[in-house]
Amino acid sequence: MLAVARACEVLGLQGCIVNVEVDFNPRAGIPSFTLVGLPDNAVKESRERVRASIKNSNLQFPSKGYLVNLSPADMPKHSSGYDLAIAVGALAATDQIPLAGLDDAMFVGELSLDGSLRHVSGVLAMAWAAREHGLKRIYVAPEDAPQAALIDGIDVYPVPTLGHLVEHLYNLNPIPEFDRATLTFDTTPPQGMTDFAEIRGQEVIKRALEIAAAGNHNILMSGAPGSGKTLLARALPGIMPRLSFDEALEVTRIYSVADLLAADQPMVRERPFRAPHYTVSQAGLVGGGSIPKPGEVTLAHRGVLFLDEAAEFAGKTLEVLRQPIEDRIVTISRARGSLTYPANFLLVMAMNPCPCGYLGDPVKACTCNPQLIQRYQSRLSGPLLDRIELYMDVRRVEYDKLFSGEKSEPSADIRARAEAARERQRARFVATPALLANADMGISDIDRYCVLKSDAKDLLDTAVKRLNLSARVYHRILKVSRTIADIADCERIELPHVAEAVQYRQRQPAY
């Protein structure tokens, strides 16, 4: 007898429906359980898990011939999440559950030997695919149910054990549908985050970080050790605009596929903050591997990618950032095809001005020679620096400010201004929903939305000629000017906005 259950394979961030076709041959002379359809070792081992879980659930597993085809057969299968679909197909093929129970349903989960269901990664993408293909129900492990329930339009059933699922399909002991009312979307900033009010001095840097947060602009901070670069960067998420529901769902799908969601938090609430070590590989940064997985640039999507000690990163590793920064996506190519991951992040880099770190420091003398300084600073290539909008020279905080006890403006107030500016941007880009921030604008969008007053245009023309700025830098100055104008609630870009943007663009020399 033939039975067909539906499972799902995650390719990149997309779920692809897999038909698990189970053919049971009661007249087979030699017992067999054959899996075809390009299964990897994790899928092949499901034969033993399925056999044991069925027997330990007080169900029958006749020792006859089973042929399981995972269709489409030319797609590699890489997950233990096929266990439940294979088990359900085997039970349906042996007349132990009704075939009608398999209609319009997806079965996802790893089976324990006692028949209980375990968590698998990528459930959100699978539920999304199930809804897009018109399926009505999805059966998952209890800990995966809140994640699957984020997708409207499909019923989610948390399955504790295989035996309970069989009773449910016979309407003997129905499994309650997961209650979506228990899900909440709380955007309150998490506790323990550094508040700008606690950071003494550095008002100019805080202003630049506010602009970066409001428009999603990249920033490079250079300064001596102990000047506060890392502290400022780690306080940045506290002033970033809150995630919208659609943005949160987008980020959650990434973290679901990467299996980085907390067990008690099925949805990402705050913007990601990723800070990889400078020993990270290219694959770790942009994604890859034999089974491609999202890298740090994708895990930082809609959030912050912080590269501390940027000059210590391998040169080739830094250069792979150029394409994601420009295109807001990253493409991973393999022999069997290519995958595209989103990578729209705010890049924050921090570095010392020289190897010893004290070039130009008013307290401690630098011990580096000019050639060493030049070689160190050139580790960040010109094309990469062209993609940075804001350059900041972070100076040592004066003693009087450090111990004055006077608090600065709190992060909540700065975040309110950044959110107001971002709302103005969303209203402006309502006809182009792909644009969420000024940094996302293309050349045609800049021509349309970055309208300058005559004196502001004259200043920008002069700056471009005197500083020998490239066309890319010219457009990035316009984007930053537009963000500064949004913070000031100005419809047109005025002279002070351009002047401030040009000031941030000028990278400080070696003191």
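The model is predicted. Its largest nonpolar core holds 64 residues, and another core, of 52 residues, lies apart from it. The open sheet has five strands with parallel pairing.

**Nonpolar cores**
- Within the largest core, the residues that touch the most other members are Met106, Val297, Leu321, Phe345, Met349 and Leu380.
- Helix α4 (residues 123-132) supplies the largest share of this core, with seven residues.
- Beyond its neighbours within four places in sequence, Met349 contacts Ile219, Leu220, Met221, Leu307, Ala310, Leu380, Leu384 and Ile388.
- The separate core of 52 residues includes Val348, Ala463, Ile487 and Tyr504.

**Open sheet**
- The strand order is β11-β14-β17-β10-β18.
- At the edges are β11 (273-274) and β18 (390-394), each of which pairs on one side only.
- Strands β10 (residues 219-223) and β17 (residues 346-351) run parallel and are joined by four bridges.
- Ile219 has Val348 as its bridge partner in β17.
- Helix α7 (residues 203-215) lies across β10, β17 and β18, and runs at about 155° to β18.

- Seven of the ten residues of α4 are buried, so the helix is mostly covered.
- The buried residues are Val123, Leu124, Ala125, Met126, Ala127, Ala129 and Ala130.
- Among the elements that cover them are the strands β1 (2-11), β2 (14-25), β5 (105-107) and β8 (137-140), together with the helices α5 (145-148) and α9 (245-257).

How values were computed:
Residues numbered from 1 in each chain as written. Predicted model: local features only at pLDDT ≥ 70, side-chain atom pairs only at ≥ 80, totals over all residues. Heavy atoms only, no water. Core = buried A, V, L, I, M, F, W, Y, C linked by side-chain atoms within 4.5 Å. Buried < 20%, exposed > 50% of the residue type's maximum accessible area, 1.4 Å probe, protein only. Helix = DSSP H or I, 4+ residues; strand = E, 2+ residues; numbered from the N terminus. Contact = heavy atoms within 4.5 Å. Pairing = 2+ DSSP bridges. Axes fitted to C-alpha atoms, helices over the stretch in contact; angles between N-to-C directions.
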